[in-house]
Amino acid sequence: MQKQTKNTSRREAILKVFQGAGILSLGGLVWGAYLNKAKASKLVLRPPAALKEDDFLKACIKCGACVQACPYETLRLAQPQEEIPVGTPFFNPRLVPCHMCVDVPCVPVCPTNALDIQKLIPIGELNTPKNMDVNQMDVGVAVIDEKSCIAYWGIQCDACYRACPLINEAISLEFERNERTGKHAFLKPIINPDTCTGCGKCEHACVTEKAAIFVLPREVAEGKAGNFYIKGWEKNDEDRLKTDKSESTIKGRTNDEDYLNDWEDLIDD
Amino acid sequence: MTNVIIKNRFLILRRISQLGILFLFVGANLFAWNVLVGDLSTAHVFDAFYLTDPHAILQMLFAGFIVGTDALIGGLIILLFYALFAGRAFCSWVCPMNMVTDSALWLRKKWRLNEIQFNTPIKRNIRYWVLILGLILSLISGVAAFEFVSPVSMLHRGIIFGMGFGWAAIAVIFLFDLLVLKNGWCGHVCPIGAFYSFTGKFHWIKVQHTVENCTDCLDCIKACPEPQVLRIIGKESGAISNSECTNCGRCIEVCNDHALKFIKKEKIQEEK
């Protein structure tokens, strides 16, 4: 009798351990899946001087100090219904762009350095809030959809060009003869991604129904050439050839001639 | 009237504390006051220093981020305040979710739902597992896991910066506490309470029980949101040493026999 109760209690204990493990892993699965999904939203414009998105999500404690420091109500904290990690600061330039305050009040108030002063300090200057240069900010980069930009149609519009705080640096106008009429010019806005800060004033100013010029985070907007291509006309770039050890051909096959003989790989089912 | 105030003196003080803190935060947002700027995750105090949620800091460390010194010091101040002084008082004196769950409890008692409730399989120590799971997930996913889903943060942040659909999360907590489990969120699930229970083992302010005055009416146990901490009631004199006690003072208010009172640590030692 006693042996039996002992046995039952051991069975119970083991069962409890597995029940706990089961509940825990179920919870962890759902919770973890949600975290991965929430982290995956990349189309977010963060405040100036924000760390890279992955590091920013680690670092932001969601206190809203930057939001309260922003004098134009540009910055907002994400609410649960928005597809942005809840509580993190962001802005939508179509509604309110970043006005690029000279003193950048949103950055030094950050308690965790998720907004890092260092990112706005020009090279060689001391790392103090006084030395911040707002033109160094890099929220994202403006992109033009030439098909919906009416300036590319030939209609005169330079709203984005006039709105740009770095006029002629971040957006310039390219004049081109309009062959259709034979007597007019296209005034095409051209973005220089190296100087564009991503403030979004162009997106805010754009006259089309849905902005034809808009700001995207740099990692979304930009491609990457990789290091296979050398700019032969640049001395420094050509020197890479001498030091680079990466292989140009991917070797996988035992015999290179089989590339032509191996039909089965070439034909799709 | 005065009797009602005296019978609810800690409840009134707690509501003043909870609402006052929120009031200062909201005022900072609306009128640019500088007493408490931010929210309960991090507050900038008088533009001089920061106070930070140590549980959030811990998650961020697990996520692999070296927190800035401002926030780190702020977190230490809060951690030491509760660990050495106030115990788990955050839950009953600061956290705004306490008002939500307390109203659910009040309605639960009014509708007498406790009388028809069956035993639930959920144990109070599940909150420690939620705490641990949150830290593990922070480690794996590289973000502060609980901060990404915390209804507590949604509530205080929502009140200060705009609620959005956050009210849905709050409603879920309210209904869970009202219909599913008594003291469900604060007493069983929330890892913030678990965190402060874990760190607050040696706090000063405790509730002291004098068994000679006790009439075994058990009103204190009925009123207590964490009744497991009141094991010594009617058995022996001493301080409530279980750090799951939130120092809400509800037991002291309902006691008609002067058998319970708040006490400082030095006094506990003297009386021993």
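The conversation below turns to the chain contact, a helix pair and a sheet.

Reader: What kind of model is this?

Author: It is a predicted model.

Reader: How many residues does each chain bring to the contact between A and B?

Author: Chain A brings 32 residues and chain B brings 41 residues.

Reader: And by class, what is on the side of chain B?

Author: The side of chain B that touches chain A holds 22 nonpolar, 15 polar and 4 charged residues.

Reader: Turning to helices, how do H6(B) and H10(B) cross?

Author: Helix H6 (residues 97-110) and helix H10 (residues 166-180), both of chain B, cross at roughly 35°, and their axes come within 8 Å. The crossing is right-handed.

Reader: Which residues meet there?

Author: From H6(B), they include Val100(B), Ala104(B), Leu105(B) and Arg108(B). Among those they meet in H10(B) are Ile173(B), Phe174(B) and Asp177(B). By class, this contact has 9 nonpolar, 1 polar and 2 charged residues.

Reader: Now the sheet. What is the strand order in chain B?

Author: The order is S1-S2-S3, in an open sheet of 3 strands with antiparallel pairing. Strand S1 (36-38) and strand S3 (49-52) are the edge strands, each pairing on one side only. From one strand to the next, the twist averages 35°.

Reader: How many bridges join S2 to S3(B)?

Author: There are 4 bridges between strand S2 (residues 42-45) of chain B and S3(B). Leu51(B) in S3(B) stands opposite Ala43(B).

Reader: Which helix packs on the sheet?

Author: Helix H4 (residues 69-86) of chain B does, touching S2 and S3 of chain B. The direction of this helix makes about 60° with that of S3(B).

Key
Residues are numbered from 1 along each chain as its sequence is written. Chains are lettered from A and ligands numbered from 1 in the order in which they are written. This is a predicted model: local features need pLDDT of at least 70, side-chain atom pairs count only at pLDDT 80 or more; totals for chains, interfaces and linings use all residues. Two residues are in contact if their C-beta atoms, placed from the backbone, lie within 7 Å. Ala, Val, Leu, Ile, Met, Phe, Trp, Tyr, Cys and Pro count as nonpolar, Asp, Glu, Lys and Arg as charged, and the others, Gly among them, as polar. Axes are lines fitted to C-alpha atoms, for helices over the stretch in contact, and angles run from 0 to 180 degrees between N-to-C directions. Helices (H or I, at least four residues) and strands (E, at least two) are DSSP runs, numbered from the N terminus. A crossing is left-handed if the near helix is turned anticlockwise from the far one by less than a right angle, and right-handed if clockwise. Two strands pair if DSSP finds at least two bridges between them.
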